[in-house]
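These are my notebook entries on what I looked up in one model.

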Amino acid sequence: MTQASENGAPQGAPLDKDKRNWIVATAAVGGIGAVATAVPFVSTFQPSEKAKAAGAAVEVDISAVKPGEKITVEWRGKPVWIVKRTPEQLAELPKLDALLADPESKRKQDELTPVYARNEGRSIKPEVFVAVGICTHLGCSPSDKFQPGAAGGMSSDWGGGFLCPCHGSTFDMAGRVYKNKPAPDNLEVPPHMYLSDTRLLIGEDKKA
């Protein structure tokens, strides 16, 4: 596992355009209005700068992530979200198909959705969602809008998800884009696999 630096880039390296506007590690709890923080770090697993530049896989301990929380790690210079969805968030997903542009994630499958994530939750385990936190429109990083309804600043029928602050694209809790939005595609699900029940490897999926 690795920990990103405060500005999201290795010391001395130029800032990648894909990483603008994203926070190195965040956690948000939806539904009940509470907020918590879960910062991933296991310093002994930090790859070298050369390895990171080559796209080395990143190992993540998710044992401390609670339902409703999100953590963010860096892989190949991109923010990768790991969200532990609540039962309520999972129950909302099948209700949204008619509102989504690509509910079955059929567009650009080989690029955006690995075989093991071609399901309703776009995930290996239903409760754990892994996605690259970059909007498919122009590369901004969407914000968490996990709280359903108008209380979170969204419409009254909002079921929870993500809002791109640049041009207003919205995504559900599986990273699926809503219809009639600037973003043309769902969020990317990166290659990943479980090393154990509580350890994820981002960037490799040979055993998945």
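Entry 1. I looked up cysteine 164 and found it buried, at a relative accessible area of 3%; buried means under 20% relative accessible area, exposed over 50%, and partly exposed in between, with a 1.4 Å probe and protein chains only. The model is predicted, and I kept its conditions in mind: local features need pLDDT of at least 70, side-chain atom pairs count only at pLDDT 80 or more, and totals for chains, interfaces and linings use all residues. Side-chain values use heavy atoms, with hydrogens and water left out, and residues are numbered from 1 along each chain as its sequence is written.

Cysteine 164 is accordingly in no disulfide. Cysteine 135 is buried as well, with a relative accessible area of 4%.

Strands (E, at least two residues) and helices (H or I, at least four residues) are DSSP runs, numbered from the N terminus. Cysteine 140 is buried, at 5% relative accessible area, whereas cysteine 166 counts as partly exposed, at 31%.

**Entry 2. Aromatic pairs.** I applied the ring criterion: rings of Phe, Tyr and Trp (its six-membered ring) pair if their centres lie within 6.5 Å, with planes under 30 degrees apart counted as stacked, over 60 as edge-to-face and the rest as tilted. By this rule I counted three aromatic pairs. One of them is edge-to-face and involves phenylalanine 146 and phenylalanine 162, at 5.4 Å centre to centre and 85° between the planes. Phenylalanine 146 lies in the loop between E5 and E6 and phenylalanine 162 in strand E6, so this pair ties together parts 16 residues apart in sequence. I found phenylalanine 146 buried at 4% relative accessibility and phenylalanine 162 buried at 0%.

Tryptophan 158 and tyrosine 178 form a tilted pair, with centres 5.6 Å apart and 35° between the planes. Tryptophan 158 lies in the loop between E5 and E6 and tyrosine 178 in the loop between E7 and E8, so parts 20 residues apart in sequence are tied together. Tryptophan 158 counts as buried at 7%, and tyrosine 178 does so at 10%. I also noted that Trp81, Phe146 and Phe162 form one aromatic cluster.

Entry 3. Tryptophan 81, in E3, is the bridge partner of threonine 72. E2 and strand E3 (residues 78-84) pair in the antiparallel sense over six bridges; two strands pair if DSSP finds at least two bridges between them. Three strands form the open sheet, in the order E2-E3-E4, with antiparallel pairing. Strand E2 (70-75) and strand E4 (128-132) stand at the edges with a single partner strand each, so one side of each has no neighbour in the sheet.

**Entry 4. Salt bridges.** I counted 11 salt bridges, each being a side-chain nitrogen of Lys or Arg within 4 Å of a carboxyl oxygen of Asp or Glu. One of them joins glutamate 59 and arginine 199, at 2.6 Å from N to O. Glutamate 59 lies in strand E1 (residues 58-61) and arginine 199 in strand E9 (residues 199-202), so the pair ties together parts 140 residues apart in sequence. Arginine 199 also meets aspartate 61 in a salt bridge, at 3.6 Å from N to O.

Which of these two side chains is buried and which partly exposed? Arginine 199 counts as buried at 18% relative accessibility, while aspartate 61 is partly exposed at 27%.

Lysine 125 forms a salt bridge with aspartate 197, the closest N and O atoms being 3.5 Å apart. Lysine 125 is partly exposed at 22%, and aspartate 197 is exposed at 62%.

Note on methods: A disulfide is a pair of cysteine sulfur atoms within 2.5 Å.
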